[in-house]
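Visitor: I would like to learn how to read a multi-chain model. Could you walk me through one?
Guide: Gladly; here it is.

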Amino acid sequence: MTATASGQAPASLRHALHETWADRPGLIGWLMSVDHKSIGKRYVITAFAFFLLGGLEAAVMRMQLARPENHVVGPDLYDQLFTMHGTTMMFLFAVPVMTAMGLYLVPLMIGSRDVAFPRLNAYGYYAYLIGGLFLYTGFFLGSGPDAGWFAYTPLSGPEFGIGKRMDIWAQTVTFTEIAGIIAAIEIIVTVFKQRAPGMSLNRMPLFVWSMLVMAFMILFAMPWIAVDSQFLAMDRLMQTQFFNQAEGGDALLWQHLFWFFGHPEVYIIFIPALGYVSTIISTFTRREVFGYPAMVGALIVTGFLGFALWVHHMFVTSIPQIGESFFTAASAMIAIPTGVQFFCWIATIWEGRPRFQTPFLFMLGFFLVFIIGGLSGVMVASVPFDSQVHDTFFIVAHLHYVLIGGAVFPLWGAFYYWFPKFTGRMLGETLGRWNFALFFIGVNVAFFPMHLLGLHGMPRRVYTYIAETGWGSLNLLATLGAVTIAISVIVFLVNVARTLAARPNAPDDPWETSSTLEWAVSSPPPPYNFAELPVVEGRYALWDRSAVQPVVTGLRTDQRELLITTLLDAEPDHRHRTPEPTIWPLLAALATGTTFIALVYTPWAMVIGAVLIAAPLVAWGWPRPRPGDPIVAGGAS
Amino acid sequence: MSRERAASVDVSALPSAAFGHRAITWWGTLGFMTAEGLTLVVCVVAYIYVQRNFPRWPPPGTLLPSITIPLIQLAVMLLSIPAMAWTSRAARRLDLRGARVGMVLSGIFAVAFCVLRWFEFRALNTRWDSTAYGSAAWAVLVAHSTLLVTQVFESSTMAAILYLGPVEPKHFGDVDDSCLYWYFLTGGWILLSLLVFFSPRLHQ
Amino acid sequence: MAGGPGGHETQVGLVAAAGWLQSALRPAGPDATRIYGLWVFMLWISAAVLLVVIGALLYGTFRRRRSRPDSDQQHTRQRRMTRAVATGAGVTVVILFAFLVFDFSVGRALGAPRRSGFEIELVGHRWWWEVRYLAPALPARVTTANEIHIPAGAPVLVRLKSNDVIHSLWVPDLTGKRDLIPGKRTSLWLQADTPGVYRGQCAEFCGQQHAKMALLVVADTRAGFDQWYASQLAPSAVPTDSVTMQGRQVFLTYACALCHTVRGTPAAASLGPDLTHLASRRTIGAGALDNNRGNLAGWILDAQSIKPGVDMPPNHLEPDEAQALLAYLETLK
């Protein structure tokens, strides 16, 4: 192996770049940061904090259901708990954590110095943070949403949804979805236009492909829920009639719009995880992933098919039979691209030499757990069978097998894999194995019995049940599984705390067999990522590079410049001046957040908000050239 | 191994700004147009979906929308498109005067759209809280109006920068992108206007 | 809680067979039986797929590896792997095709037209079920609550309505579920093979007491059903002694009559369940409690402690008034 790109660069170059790209010191510098790595890390940590909160909510629910006629919580709090659990896990954890991993890793993996719009990126993060905090403030003040994360009208509407509970929910959802859309645009443009020279589309790492497909899905799915929840908010606040059947509105309109977002949402969470799987498997088997074109094709096909399935959430609402058949076939068909990817991974492992470190163990867990969720997924594509298990614990089991198997196992593997890159420290291997083993056992013990509970008649979202139903012992078992999961999460937290207390120990590539560009720079990476941008010579950038890594020279060191390349072949096109750190995205997010919070109470917030947001936006965009910038005209300086 | 070997690349001679699909701001604009366009699409879907719940369209007891103001709005919008095409060409020539005039012009047009929009709301002849028909029609207009207000902000800020601020080469790119957005804004409205103001007449 | 007069064996009006009160894996009607067949088919296929894939994965992971193959061997192995992956994809397609064929055939059978002797209108309320037997196929309309009586062996069309939020009717032993959606017409066929009592439950989250919105489907012989129907057609029992007379007076002067109907008395409100034949029903509070005197007393005095959020208010009655009311209600067979 050759010296790394960062190692080759002279100290003077690195010093100059550091001067240009480093954040300002102190708290204000921290708040002004537009570095994709700082923002990405904050995103991951915030999303993980929400994961813990959502997990606590689940734990309380499992305590309540452990015995028949239990009295841990009453129905009102129970309804808030499962609504908060779903909303948190879907809107505040799963999607943000996936985009966050992309925002941190994509620029590094494609050999760039930052995302396309760094200030907008910071704005998106703060918008997400404010939205999440607002929802939880409402919850802790007794105004937690209580109509389910799917918020079906009319239960969530003006007539039955009490207080401001669902208004807070609706505004939070719209606001955090805006953050999601921003992250998607960042990722798409960064991937399209900022790949290092030589990284043509057909050489892009599978991780980057999966992030690209996810970003497109977000862009096309999120606007639906953003507008849908505004319809709900307006129905509640301004007496519009979108979902009021008495005035020609339609309860099913909500469901169509919701699931047109809601089903792709599942793939938005699942597809980036496929990118982690491909990356980690290839590193830990020391093999190129088998069938790259098939893998890319499968990702794209899955992305498209994800938009053709939404009605399978509505099979019991009386859909015309021809429609049912179409959506059944489409739902079953999505098993084909997923199957192809599975077979390709198995072929990769078969041909490779697996190394059983924690990230790889989580990949094995992903296979074993996800395949069960995938099989039950094909089952519920059947309209007759779905009519039995829809809205029962069978579906709870299915969706947790899919989402935990398909997303959380890979994510956990990804935490272990990229933790040294994020922090410069390797997570402990022994605790990692305990973490994995407990999680794997816990997930199966918690969720497998739920299949049976659903088949034996237990509906979802019930706060209690009578002993005669016979559901008691399986529920107790599921609760024991949940306890095991909780212990495994605690083991993870201990592992993280111990590791962070230790001294940095990670070299550029602690795994020694990684293939993607982020492992060519120090751990953690310097503010400018690459002292000299690499020129990429193959699909597996670090495996395919020459003895002397060719690099890009000629980017300015006294200004923040990105190299923009062409869309298909990544040929150098022009240099792009990217903006300095600034406080205005934070202030603009605060102004927008204030507007959305005020919208809970009055529609006039729209008008006040427009004025409130305009000021920080002008300051944000107003040019402040630095010495040496080309000026066409004007300016007091 | 038969892999071709790449050489190091010197990019110091490359330009520091670009137009159109070469520039990342163009792609960013396209991204936001997609997201905002979809919000309009959702409103249209709602508008069409609730139609089947009414025996007549507009619902019994509701007047047809008036079309005088919408026609004027359409005419003004069509008029603005060549003006913005001219601005786009000026920006690509790096013609500062042209860009300034174009942005002022776009600001005036955007304000005019907003004023006309005020009367368009009244031309709907229904309230947002009357029926689902009223709600959906208002939603289409409100969704598009937020884009109009954004455009007033965008045009005036750009004009201010071009006249008052230090102008950098990238600002010509911004002007060019704002013309792209303009086509989306006006072209989108032509379709929405046909749906909300004119299509109800076809049901008569 | 000791059973009252004629007390039932369990708290919910029926014996839990094979340990489960309601189950899709114990089909007792033609529709549930068809779905059960589909389930068994899918279960075995899935088990086979799971075994093969996990087996391949584990073997591929843990198999013993020889020294690195040379490039010639690598070439053949690459070809072999490609064939294996392609075969896997092909088998996936074949399995999915078989699944679709079976699934569509079951779907068609469930959707096949049938003839109903009569129709039932089921209205979902938060949180109970209003059951209306629609004339003219039957002699006259009957309204009851939380209990659907049908003749065994014959299909009955249930028309589903809701005036508040979305509910879902699910009687897993008999068939799959169907939503009750405000402003929409939906319907479901109920058919039981043999006489018996089958429990169902609301399956679409409908608010605080979604958990306690159950109902019973009582399938009887045709003769038994006709007899039941005739008894339901009759107006309410007329009090014969002073205690029940006082009880009726309590019913009519306190809040009861503001929400409930007892046919044959001035009480004709329809916010709550029709109580004309309350004593003939197996449960109270939509399956929340067994219908006996103790439970009924608890329900009347403080329903909120049993089913928090329910519309039934707490009632403050003197002990003798309460006893009289209970005595009267028990006559409403």
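Visitor: What should I know before I start?

Guide: This is a predicted model, in which local features need pLDDT of at least 70, side-chain atom pairs count only at pLDDT 80 or more, and totals for chains, interfaces and linings use all residues. Residues are numbered from 1 along each chain as its sequence is written, while chains are lettered from A and ligands numbered from 1 in the order in which they are written.

Visitor: What pLDDT does chain C average?

Guide: pLDDT is the predictor's confidence in each residue, from 0 to 100. Chain C averages 90, and 92% of its residues score at least 70. Over residues 1–11 of chain C, pLDDT stays under 50. For the complex, the predictor gives an ipTM of 0.95 and a pTM of 0.95.

Visitor: In which order do the strands of the open sheet in chain C lie?

Guide: Strands count as paired if DSSP finds at least two bridges between them. Here 5 strands form an open sheet with mixed pairing, in the order β4-β10-β9-β6-β7 of chain C. At the edges, β4 (147–151) and β7 of chain C each pair on one side only. The twist from one strand to the next averages 25°, with axes fitted as lines to C-alpha atoms, for helices over the stretch in contact, and angles running from 0 to 180 degrees between N-to-C directions. Helix α3 (residues 222–233) of chain C packs on the sheet, where it touches β4 and β10 (214–220) of chain C, and its direction makes about 135° with that of β4(C). As for one pairing, β6 (residues 167–170) of chain C runs antiparallel to β7(C), with 3 bridges joining them. Leu169(C) has Arg178(C) in β7(C) as its bridge partner.

Visitor: How many residues of chains C and A make up their contact?

Guide: Two residues are in contact if their C-beta atoms, placed from the backbone, lie within 7 Å. Chain C brings 68 residues and chain A brings 67. On the side of chain C, α2(C) gives the most, with 17 residues. That side divides into 37 nonpolar, 22 polar and 9 charged residues; Ala, Val, Leu, Ile, Met, Phe, Trp, Tyr, Cys and Pro count as nonpolar, Asp, Glu, Lys and Arg as charged, and the others, Gly among them, as polar.

Visitor: And which element of chain B gives the most to the side that touches chain A?

Guide: There, 50 residues of chain B meet 63 residues of chain A, and α1(B) gives the most, with 14 residues. Strands also link these chains: 2 bridges join β1 (residues 552–553) of chain A to β1(B), and the two run parallel. Val9(B) is the bridge partner of Val552(A).

Visitor: Which residues have the most contacts inside the largest nonpolar core?

Guide: Such a core is a set of buried Ala, Val, Leu, Ile, Met, Phe, Trp, Tyr and Cys residues joined through C-beta atoms within 7 Å; buried means that 20 or more other C-beta atoms lie within 10 Å of a residue's own. The largest has 344 residues, with Ile188(A) and Val217(C) making the most contacts inside it. Helix α8 (residues 206–238) of chain A provides the largest share, 25 residues. Ile188(A) touches residues including Leu212(A), Phe216(A) and Gly31(B).

Technical notes: Helix = DSSP H or I, 4+ residues; strand = E, 2+ residues; numbered from the N terminus. Buried ≥ 20, exposed ≤ 12 C-beta atoms within 10 Å, placed from the backbone. Lists of a residue's contacts leave out its neighbours within four places in sequence.
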